[in-house]
Amino acid sequence: MDYSALSARIGSLCAGEEDTVALMATLVCEVHHSDDRFDWTGFYRVVSEGVLKIGPYQGGHGCLVIPFDRGVCGACARSGEAQIVEDVERFAGHIACSSSTRSELVLPVRNAQGDLIGVFDIDSDRAAAFTAEDATALQDILDRVFASTAAPCYPRGHE
Ligand code: SME
């Protein structure tokens, strides 16, 4: 996966844009079509204290609402840490939006103030599809794109 090319493409497509939904939709499209491992790619947004709601995504159906105390997305929102899940069957509380998902990567999304505004979730139908390199490279892209947004957030659930 050529992450520097992906980062450059997303950077030029998002240049000057501050609308969070427009940025999320563009990033999801580019990431989703950049690698065959990615079967579901999308954002969950912090919409109130301890509550995530679905945002722009590509792939099959995505669950609409995820409380912070549930799923891989909830674990990421609570801890503010990347979640690399090699086998979703072995992740206690995993929420199966699709029965074909085998592994998952979820990353925190922060605005310019460092507030958690959501999480970025990628599912794969392959076991152990995600590496630490994927997490680092995608986190860097997220930080670049959303670092310029003043996207509002709700009280930081994880503090
Ligand atoms: N599997 C996620 C829920 C979202 S679906 O993957 C789109 C979770 O456990 O939080």
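User: What makes the largest nonpolar core a nonpolar core, and how many residues has it?
Analyst: In this predicted model, the largest nonpolar core has 26 residues. I10, L27, V31, F43, F120, L142 and F146 have the most contacts inside it. In soluble globular proteins, nonpolar side chains tend to be buried together.

User: Which elements give two or more residues to this core?
Analyst: They are helix 1 (3-14), helix 2 (20-32), strand 5 (103-110), strand 6 (116-124) and helix 4 (132-146). Helix 4 gives the most, with 7 residues.

User: What is F43 in contact with, leaving aside its neighbours within four places in sequence?
Analyst: Its partners include M24, L27 and V28. F120, L142 and F146 are also among them. Each pair counts as a contact because heavy atoms lie within 4.5 Å.

User: Which residues belong to the other core?
Analyst: That core lies apart and has 18 residues, among them V72, C73, A77 and V119.

User: Why is E30 called buried?
Analyst: Its relative accessible area is 18%. Buried means under 20%, so E30 qualifies. E30 lies in helix 2. Beyond its neighbours within four places in sequence, E30 is in contact with L6, R9, I10 and L13.

User: Where does UniProt place the feature "domain: GAF"?
Analyst: The UniProt record, an unreviewed entry, places it at residues 39-145. Over that stretch the chain is 21% helix and 37% strand. The end C-alpha atoms are 22 Å apart.

Notes
Residues are numbered from 1 along each chain as its sequence is written. This is a predicted model: local features need pLDDT of at least 70, side-chain atom pairs count only at pLDDT 80 or more; totals for chains, interfaces and linings use all residues. Side-chain values use heavy atoms; hydrogens and water are left out. A nonpolar core is a set of buried Ala, Val, Leu, Ile, Met, Phe, Trp, Tyr and Cys residues joined through side-chain atoms within 4.5 Å. Buried means under 20% relative accessible area, exposed over 50%, partly exposed in between (1.4 Å probe, protein chains only). Helices (H or I, at least four residues) and strands (E, at least two) are DSSP runs, numbered from the N terminus. UniProt positions are given in the numbering used here, feature names are shortened, and annotations may be inferred rather than shown by experiment.
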